[in-house]
Amino acid sequence: MIILGIETSCDETSAALVRDGRELISEVTATQMQIHAAFGGVVPEVASRHHVEDITRVVDETFREAGCTWHDVDAIAVTCGPGLLGSLLVGVSAAKGYALATGKPLIGVHHIAGHVAAATLNSQIRPPFLCLVVSGGHTELLTVDEQFCFTKLGGTRDDAAGEAYDKVARLIGLAYPGGPKVDELAHEGNKEAYAFPRGLLDEEGYDFSFSGLKSAVNNALTKQRNRREEIDAKDVCASFQAAVIDVLEEKTKRALAHTGYQRLVVAGGVAANRGLRSRFTALASATGVEVVFPPLRWCTDNAAMIASAGYYRFQQGKESDLSLNAYAQLSL
Ligand code: KG4
Ligand code: ZN
């Protein structure tokens, strides 16, 4: 079964053709990263306009690259939320148009389900597993059962992990998106230089909070600037990154112990983080739990993961109709 996936929830216009939820046939992504970098973050109205300009070309190129036609496609999967409403609407409207014109089934996909499904692309990994989703908009611990159904154990109460990375990057004057740059600098810094807080670590449960950490970084930098002290960005990044990873690791360890899962998937844009990968790889060696990261290209937003999640949804008989809408907020 071949599914066309479409993803436009933020600043990437992406389309992909995926066979049986796992095998990538082709994928084309138009990124707007450089455009938004000039503004220091994603500007929603600008993002939607670029999606409108790019969507049909991106879909056409995906077919061309695969050597496929609409006759080869069994269904169309599209991200319907959560995300930027104007951006989502472009993808959803395009998918509905294609479904109407071709008579192919339409499948609305939750963006987080896509990030989770990314772990199964070009891989033999199968649920059940525990999943830590860490992206620009989400920090969530989920259990994923054999049918690819989710149960949320906890999530962020304020900023997502990636959002905290981007905000801290901005505080030290790094360009958007700052996550990868903070990751890079962190490797050359001293993680003991600043004693930043580990949010909600003393609290039971699996919720996260990163806004206190971001404020602590801001306060430390302001104090140093007022005293005209030199700031070593590498030390700030290393100390900040250690605080984020400590919390992610500890809460995940608790969830593994509580649920008894022996397999862990770490997905989403922040799963590209080198420090996080090495910490969770060490966790795997220490505990014997199998830890799986999607390949780097499928950690950040892409349409292959949406086609994959769409396949699992379609297998469950969860088709959408042409009344499908886009939702800025959407529960899993
Ligand atoms: O999953 P994603 O592409 O978009 C959302 O669904 O939010 O994640 C983007 C986020 C951004 O906040 C970006 O800074 C962060 O992932 N990110 C990283 C790294 N690469 C991307 N954060 C830390 N370290 C990285 N290497
Ligand atoms: Zn995402």
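**Entry 1: helix 5 and helix 7**

I began with a contact between two helices, and found that Ala164, Lys167, Val168 and Leu171 in helix 5 meet Leu213, Lys214, Val217, Asn218 and Leu221 in helix 7. I note at once that the model is a predicted one, and I keep that in mind for every entry below. Sorting the residues of this contact by class, I counted six nonpolar, one polar and two charged. I then looked up the axes, which come within 10 Å of each other and cross at roughly 10°, with helix 7 spanning residues 211-226. Since angles under 35 degrees count as roughly parallel, helix 5 and helix 7 are therefore roughly parallel to each other.

**Entry 2: helix 5 and helix 6**

Next I turned to how helix 5 lies against helix 6, and found that their axes come within 8 Å and cross at roughly 75°. That angle makes helix 5 roughly perpendicular to helix 6. On the helix 5 side I listed Gly162, Tyr165, Asp166, Val168 and Ala169, which meet Gly179, Lys181 and Val182 in helix 6. By class, I have four nonpolar, two polar and two charged residues in this contact.

**Entry 3: the ligand**

Which residues are closest to ligand 1? I found 19 residues around ligand 1, and the closest of them are Ser135, Gly136, Gly162, Gly179 and Gly269. The elements that give two or more residues to this shell are helix 5, residues 161-171, and helix 6, residues 179-186. I recorded the shell by class as six nonpolar, ten polar and three charged residues.

The domain assignment gives domain 1 as residues 2-117 together with 299-315, and domain 2 as residues 126-294. Taken over C-alpha atoms, the centres of the two domains are separated by 27 Å. I noted that 13 residues from domain 1 and 21 residues from domain 2 take part in the contact. On the domain 1 side, the elements that give two or more residues are helix 1 (33-37) and helix 4 (111-117), and helix 4 supplies the largest share, four residues. By class, that side of domain 1 has eight nonpolar residues, five polar and no charged.

I then followed an open sheet of five strands, whose order is 3-2-1-4-5 and whose pairing is mixed. Its edge strands are strand 3 (23-31) and strand 5 (106-110), each of which pairs on one side only. From one strand to the next the twist averages 20°. How many bridges join strand 4 to strand 5? I found five, between strands that run parallel, strand 4 being residues 75-81. As one pair to look at, I noted that alanine 77 has isoleucine 107 in strand 5 as its bridge partner.

**Entry 4: helices on the sheet**

Helix 2, residues 44-66, lies across strand 2 (12-19) and strand 3, and runs at about 25° to strand 2. Helix 10, residues 304-315, also packs on the sheet, where I found that it touches strand 1 (2-7), strand 2, strand 3, strand 4 and strand 5. The direction of helix 10 makes about 125° with that of strand 1.

Technical notes
Residues are numbered from 1 along each chain as its sequence is written. Chains are lettered from A and ligands numbered from 1 in the order in which they are written. This is a predicted model: local features need pLDDT of at least 70, side-chain atom pairs count only at pLDDT 80 or more; totals for chains, interfaces and linings use all residues. A residue is near a molecule or strand if its C-beta atom, placed from the backbone, lies within 6 Å of it. Ala, Val, Leu, Ile, Met, Phe, Trp, Tyr, Cys and Pro count as nonpolar, Asp, Glu, Lys and Arg as charged, and the others, Gly among them, as polar. Two strands pair if DSSP finds at least two bridges between them. Axes are lines fitted to C-alpha atoms, for helices over the stretch in contact, and angles run from 0 to 180 degrees between N-to-C directions. Two residues are in contact if their C-beta atoms, placed from the backbone, lie within 7 Å. Domain bounds come from an automatic or database domain assignment. Angles under 35 degrees count as roughly parallel, over 145 as roughly antiparallel, 65 to 115 as roughly perpendicular and the rest as oblique.
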